[in-house]
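Me: I want to read this model piece by piece. Let me look at it before I ask anything.

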Amino acid sequence: MRIGVMVCHCGNNIAATVDVEAVAAAAREFPDVVYATDHMYACSDPGQKTLEQTIRDLKLDGVVVASCSPRMHELTFRRAVERAGLNRYMFEMANIREHVAWISLDRKRNTQKATDLVRMAVEKLRVDRPLTAKSFDVQKRVLIVGGGVAGIQAALDCADGGLDVVLVERKSSIGGIMSKLDKTFPTVDCSVCVLGPKMVDAGQNPRITLHMLSEVEEVSGYVGNFEVKVRKHTTYVDWTKCTGCGACEEKCPSRKVPDAFNENVSLTTAIGIPFPQATPKRATINAEHCLRLTKGKCGVCEKICPTGAIDYDLKDEVVTEKVGAIIAATGLNLFDHRKCGEYGAGRYPDVVTSLAYERMLSASGPTAGHIKRPSDGAEPKTVVFIACVGSRDRSLGRPYCSNFCCMYTAKQAILTRDHIPDSKAYVFYMDIRANGKGYEEFVRRAQEEYGVEYVRGRVAQVYPKDGKLIVRGTDTLLGQQVEVPADLVVLAVGVEAAKGAPELAEKLRISYDAYGFFMESHPKLRPVETNTVGVFLAGACQGPKDIPASVAQASAAAGKVLALLSKDKLESDPQIAQVATNRCIGCGKCERTCPFGAIRMRELRDGSKRAEVVETVCQGCGICSVTCPVRAIQLQHFTDSQLLAEVNALCRIWDETTES
Amino acid sequence: MQTINLAADCDQAFMDAVARESGQDLKSCYQCGNCTAGCAYSQDYDIPVHQIMRLVQLGQKERVLSCRSIWLCATCQACTTRCPNNIEVATVMDVLRHMARRAGKAPERLVKSFTDGFLASVARHGRVFEAGLAAVFALKSGKPLQDAGLGPAMLTRGKLAFLPHQPGGRGKEEVAEIFARFENRTDAAPAKKTGEDAQ
């Protein structure tokens, strides 16, 4: 066998603490190595050219590159090796940057360790075998979890690109948080007016299937061939018959149901449609409050419904969807303001969350767009906004900035002054984060044009006195305590991960951070991909994000899905498990340990059983390989003999150095 | 107001000492002002508490240790409770008071007199002797009659006794042992909340 070695300087990244020339010189003495050199940047075009040329000139059978992590450039070099006519798996990478140069300044020992790693790589390469990828068919469909603005945008883009889309939404209408907003910053245009057309599009597009009141129950399979079980919670209304006329809602006698769409500011009925623009516009029964379902009496809606759509016996349904890719767009939850007892949140009715205030501002909201104090219905003349409630607060376990509260607070303050011209609006803030296009100008407008008073400091307490709410805070710019007697206090509550986000992440086999936000594959260069191939992210499920950022990421995720599913066949990774049938004793341990369900037991003609790997499902994790009691399963490219070659090399080095 | 030279006027040793003795991460203060917002004595302070935190962050030893606020702090812990960054602000104030005392600074002389008198009384009787403490403090303060009006009301409610109470059992000896242990302590820097100034 003829092996070539290239040791990379990586500028100063490696060369500063590793004698790369010495490593190359040492490599020339290793068995089967016929050529070794060093290079300033092995990954650069000249570096790859040198590699290719050398393979051809010296008729090499395999190559070792000692440079950075395989996560960075393994693919680069595999392609270079392939261009020079070798199998791409006749290549090994020794990581002498992250594992050596960056972790120690001891040049002598670094050089020794780098040499050892190269020797291990050479020994493995000597027993490497060429591998060939297989291809498999893909489902040209995508499943999107979450029907907020991000999910809707991704669905429309995917459908536009010719894919069938399955949109799964937990609520009875798509639209998400954006459909609850009155206006959007910095343009102050009507939120539902700009979202409405997209909702209608998503509802009417023949390529888009909506699963409402639904949740993902189970995900199996792999990129190109996912199988997703979706639980469709029952609505007790046959939606194929319901026309959305609203007659049931008018007659329903259970009228004291907290209206979740209106952030529980008002009451609604047990059956109904959450808001005028709801898509699909269909009625749903709230089983907790329905008199027929809780007490067995009533049945008014059944009698009144002109199309006979009401069916109290309808049950949950589980449907299975086969898709090629999945986009998670589960959005966000808002911080529970009741945790801030010092603001009287949950105790004083006139201390409300920003989203509840948004509903009060909305023409379709509980007060028909007239701002009224929840306690007595009076028009507030002094409104105080408190920023960073549940944001940038380590004591509440929320150290991060929620990204958009500064902006919606400025918007709500402007709207307050618009609705009630003789009102005063105060904003207690710590820093103003207005870094989007036109955002800073918007905040300045709130202060200069609308006379909103910005006070730099946190608020320590809110307490009632003489019919007012006294807001006690600091003006740190003055270095003094300040207080405002307010009629209404609005808490700019921060963002947290959507309820159930970690559970969904486990089902999708993607990572999530300490706060439940889904992890992107790379914070800069792979912002919509996850570490599970075929699963993508859109919107605030990945971190606090405003509407423009969510929409942009949704379109980006759709672009990724369209690119992935534009191919008729995908290549499977050949680094998977392989069963030596003559060794297998059919014990079935591998089948039970495989986390991906990639192993089946096949019955032979004599009735005995043998394990069989479903090649497209196997992720190459290697668990079966270590489970097998007779070593009948080997992970390709990481076989026992290949790994032992590395271990033996390491042990020989150990023997040599300890003897001397 | 004088210009502060942020480089030359910064006392790193002071900053380190405050951090070490208080056990608090002073760098995590981002000046939101919530400590001052909740402070019950801010109106009497010469420097509001959030600015004391800032001065400590900038190593302004002289201004911090000679301010009145650290002596007026009631250690009610509202600042500690409110701090979004989990800083025990009241502990920092306590440490600063100790440091000021060690540096021979006590701009609020009466606060120091009262605490000294309180401690002396406890050391002597095993618990505080209110009438004695009141008399001593009245004399030391130079305004012997300023609190005299309270006397009759306190007497009729049984809050002032003419003779010191004795703690039950071994109480007196146990308290004396605490004082002895403090006097004979081996560590150089006194730990916080020892009896040195009875805070």
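Me: How far apart do the C-alpha centres of domain 2 and domain 5 of chain A lie?

Reply: First, this is a predicted model: local features need pLDDT of at least 70, side-chain atom pairs count only at pLDDT 80 or more, and totals for chains, interfaces and linings use all residues. Residues are numbered from 1 along each chain as its sequence is written, while chains are lettered from A and ligands numbered from 1 in the order in which they are written. Chain A has domain 2 at 135-233 + 317-331 + 509-569 and domain 5 at 576-635, with bounds from an automatic or database domain assignment. Their C-alpha centres are separated by 35 Å.

Me: How many helices and strands are there in chain A?

Reply: Along the principal axes, the C-alpha atoms of chain A fill a box of roughly 90 × 70 × 40 Å. Helices (H or I, at least four residues) and strands (E, at least two) are DSSP runs, numbered from the N terminus. Chain A has 18 helices and 34 strands.

Me: What percentage of chain A is buried?

Reply: A residue is buried if 20 or more other C-beta atoms lie within 10 Å of its own, exposed if 12 or fewer, and partly exposed in between, with C-beta atoms placed from the backbone. Chain A has 660 residues. The buried share is 47%.

Me: Within what arc do the buried residues of α1(A) fall?

Reply: Helix α1 of chain A covers residues 20-27, and A:Val20, A:Val23, A:Ala24, A:Ala26 and A:Ala27 are buried there. Look down the axis: they line one face of the helix, because the arc (the directions from the helix axis to the C-beta atoms) that holds them is 160°.

Me: Which elements do the buried residues of α1(A) pack against?

Reply: Contact is the test here: two residues touch if their C-beta atoms, placed from the backbone, lie within 7 Å. The partners of α1(A) in chain A are β1 (3-8), β2 (33-39), β3 (62-67) and α5 (107-127).

Me: How many residues of α11(A) are buried?

Reply: Helix α11 of chain A is mostly covered. Its buried residues pack against β19 (332-334), β20 (351-353), α12 and β27 (488-493) of chain A.

Me: Is the crossing of α11(A) and α12(A) left-handed or right-handed?

Reply: Axes are lines fitted to C-alpha atoms, for helices over the stretch in contact, and angles run from 0 to 180 degrees between N-to-C directions. Helices α11 (residues 354-361) and α12 (residues 405-419) of chain A pack at about 35°, with axes 11 Å apart. A crossing is left-handed if the near helix is turned anticlockwise from the far one by less than a right angle, and right-handed if clockwise. The crossing of α11(A) and α12(A) is left-handed.

Me: Which residues is A:Thr234 in contact with, leaving aside its neighbours within four places in sequence?

Reply: A:Thr234 lies in the loop between β12 (225-232) and α8 (247-251) of chain A. A:Thr234 counts as partly exposed because it has 16 C-beta neighbours inside 10 Å. Its contacts are A:Leu314, A:Lys315 and A:Asp316.

Me: What separates the centres of domain 1 and domain 2 of chain B?

Reply: Chain B has 11 helices and zero strands. It is divided into domain 1 (12-102) and domain 2 (109-183). Taken over C-alpha atoms, the centres are separated by 29 Å.

Me: Which element gives the most to the side of chain B that touches chain A?

Reply: The contact takes 16 residues from chain B and 17 from chain A. On the chain B side, α2 (34-38) and α3 (49-57) give two or more residues. With four residues, the element that gives the most is α2(B).
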